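Subject: Structure handover

Hello,

Here is the structure for your files. My notes on it follow below.

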Amino acid sequence: MTYLCSSSSSDSSSDEEIEFLGYMNQCLNKRRRPYLLSTRIDHLNKWDDQDFFARFRLSKNTFKIVLEMVQQEVTTVTQRNRAVTAEQQLLLTLRFYASDAYLINVGELFGIHYSTASNIIKKMNIALARLRPQFIKMPSNANEISDVQNRFYLKAKFLRCIGAIDCTHIKISSPGGENAENYRNRKNFFL
């Protein structure tokens, strides 16, 4: 490659040109990092039922049912470049939901780049949200509302409650008393 430079009478501009040309030469000769292929673990067969549930917060049977429901929507049309299968995409998304890990950590666990993990989770969120009407049903008339409110009251002493959504748990001090253990969650802190 040839560079055209204007001649200059001052030494400082000549030095700047030489420095610039050296920089350009370094940029042009810079080698790309090698393409690394990470091994992808078969999590479905690696873990027994208990360990699988501990990592993904679903049983293997439930996982297979959900996979069937979203598979058509998330399956890639090609297998080029070791495309991530629908099974791996769902497992990655469930692991992200089940842990407080960063995308980079979840991606590494599945042998993919964190930007790919982000795209997969975004796509899987949309696919799972489309299943909402099959699984989330709110009471639609006065009789159903009254019935649900009564059942919530009988079970947990919640007044006028017509639904509950699993959400973020906020740590609190033990409320004390004989019912204190009712406020302890699965992570062993009070909420």
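Which residue caps the N-terminal end of α9? Asn141 does, with a side-chain oxygen 3.1 Å from the backbone nitrogen of Asn143 (a polar contact is a pair of N or O atoms within 3.5 Å; within protein, one must be able to donate a hydrogen and the other to accept it, and residues adjacent in sequence count only if both atoms are side-chain atoms).

This is a predicted model, in which local features need pLDDT of at least 70 and side-chain atom pairs count only at pLDDT 80 or more, while totals for chains, interfaces and linings use all residues. Residues are numbered from 1 along each chain as its sequence is written, and side-chain values use heavy atoms, with hydrogens and water left out.

Helix α9 covers residues 142–156 (helices are DSSP runs of H or I, at least four residues, numbered from the N terminus). Its 15 residues reach 21 Å from first C-alpha to last, close to the 21 Å expected (1.5 Å times one less than the number of residues). Just after α9, Lys157 has a positive phi of about 60°.

The structure holds 3 salt bridges (a side-chain nitrogen of Lys or Arg within 4 Å of a carboxyl oxygen of Asp or Glu). One of them joins the side chains of Arg130 and Glu73, at 2.1 Å from N to O. This pair links distant parts of the chain: Arg130 is in the loop between α7 and α8, Glu73 is in helix α4, and they are 57 residues apart.

Regards

Note on methods. Helix = DSSP H or I, 4+ residues; strand = E, 2+ residues; numbered from the N terminus.
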